[in-house]
Amino acid sequence: MENLRIPGPTPCPPEVLYALGRQMINHRGKEFEGMLKEITVNLKELFQTKNDVFVLTGSGTGGLEAAIVNTLSPGDKVLSLSIGVFGERFANIARLFGADIIPLNFEWGKAADPDAVHQALRSEPDIKAVLVTHNETSTGVTNDIASISSVVKEFNKLLLVDAISSLGSINLPIDEWHCDVTVTGSQKGWMVPPGLTMVSVSKEAWQAYAKARMPRFYWDFTRAKSYLERGQTPWTPAISVIFALSVSLKMMLNEGLPNIIARHAHVAKAARDGVKSLGLSIFADESHASNTVTAVAASNGLDTKKLLQLLREEHQVILAGGMEKLSGKIFRIGHLGWVNEDDIAKVISALKVVLPQAGFRSPG
Ligand SMILES: *Cc1c(COP(=O)(O)O)cnc(C)c1O
């Protein structure tokens, strides 16, 4: 079997795969109602929120679009904190729908600096909302949402959070840290296939919704809320993935959120220690290194394309390359969802064999 260690889609446990093969049911019927209501309760527990939580059919990017079109109007000034590819994407969606984006970009590999956020909000009083990526999957960096949020809330702005590759894996207490809309995706830490995006919506986000004029139909939160009251979704959902999510959430609650968070921290440390023991270095500023994905710098002659190919063809280990301008400069190990230390140990031992074959000259 392949050892799939990319930052989504992630491998699914057998119980989850089994649920995917279930016969269809009526998505306007009693059984679906019970399942969706139970999923919603379980998601709220894992999101650490009392806010509304919706399960929408679409990939994570759809959830990002939903966050924007439900809270903003064309012409709104929006501060975009970007530390990589996904931060750029979030800003691009808002820009496309007419937001006036004020970019606050940080060097890739670094985290967003809360003091710079403070300065930006002080100098532009008209800013309506702040966009931030909790875990930047392209660089392997986790932003300090607690600190960023306390700045954003000091200025009373809306905080929209891309937590697609962190929620359910890295601690993000949504209510305590005042995240107004938080977005995640089923194929990241949730141990289910792609197809669903799950979003939380705060009271302040609903107040913004009341004034928001961006066009929306498929992603409209009011439709999602009124249908959820009846245990339904506005449109035909990805029923099979919902079956799978229902199973995975029970597994997650069984393990317990603090244990899941600790496991990710533990496995991530094993990944970082492992690559460093091979003479490689971590691309991210290590004080903000992600617990769901490790980006490794391609130093000392390493050909990442060759590396990924050898790992895949000779060791059945699937890792990810760098995205956009990081292509060829880094490779990435995903360690989220259904993952333990042994999975990572296998990656490290395969790397040990393959590195010299991919041009890497050990530094010591
Ligand atoms: C994966 C990911 C996305 C994109 O999600 P899709 O499901 O591919 O649309 C966005 N942001 C982050 C941080 C991600 O990790």
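This tour moves from the whole chain to selected residues.

**Before selecting anything**

The structure is a predicted model, in which local features need pLDDT of at least 70, side-chain atom pairs count only at pLDDT 80 or more, and totals for chains, interfaces and linings use all residues. Residues are numbered from 1 along each chain as its sequence is written, and side-chain values use heavy atoms, with hydrogens and water left out.

**Stop 1: the whole chain**

Display the protein chain as a cartoon. It contains twelve helices and 15 strands; helices (H or I, at least four residues) and strands (E, at least two) are DSSP runs, numbered from the N terminus. The radius of gyration is 20 Å, close to the 21 Å that the globule rule gives for 364 residues, so the chain is as compact as a globular protein of that length. That radius is taken over C-alpha atoms, and the globule rule is 2.2 Å times the number of residues to the power 0.38.

**Stop 2: surface, contacts and charge**

Switch to a surface display. The accessible surface of the protein chain comes to about 14500 Å², and 52% of it belongs to carbon and sulfur atoms; such areas come from the Shrake-Rupley method with a 1.4 Å probe, and for residues only the protein chains shown count as cover. Buried residues make up 60% of the 364 residues, where buried means under 20% relative accessible area, exposed over 50%, and partly exposed in between (1.4 Å probe, protein chains only).

Consider next the contacts (heavy atoms within 4.5 Å). Among those between residues at least 6 apart in sequence, 74% join residues at least 24 apart.

Then colour the charged side chains. There are 37 positive and 37 negative ones, and the centres of the two sets lie 3 Å apart. Lys and Arg count as positive and Asp and Glu as negative, while His and the chain ends are not counted; the place of a charge is NZ of Lys, CZ of Arg, CG of Asp or CD of Glu.

**Stop 3: cysteines and a cis bond**

Select Cys-12, which is buried with a relative accessible area of 12%. Cys-179 also counts as buried, at 1% relative accessibility. A disulfide is a pair of cysteine sulfur atoms within 2.5 Å, and by this rule the count comes to zero.

Move to Pro-9, in the loop between strand E1 (3-4) and helix H1 (14-20). The peptide bond that joins Gly-8 to Pro-9 is cis, with omega near 0°.

**Stop 4: two positive phi angles**

Select His-178, in the loop between strand E8 (158-162) and strand E9 (181-185). His-178 is not a glycine, yet its phi is positive, about 50°. At 44% relative accessibility, His-178 is partly exposed.

Continue to Asn-300, in the loop between strand E12 (293-297) and helix H11 (304-315). Its phi is near 50°, a positive value in a residue other than glycine, and Asn-300 is partly exposed at 30% relative accessible area.

**Stop 5: distances in sequence and in space**

Select Asp-126, in the loop between helix H5 (114-123) and strand E5 (129-133). Asp-126 is exposed, at 57% relative accessibility.

Finally, select Ser-327, in the loop between strand E14 (320-321) and strand E15 (330-334). Ser-327 counts as partly exposed, at 47% relative accessibility. Ser-327 and Lys-305 are 22 residues apart in sequence, and their C-alpha atoms are 9.1 Å apart in space.
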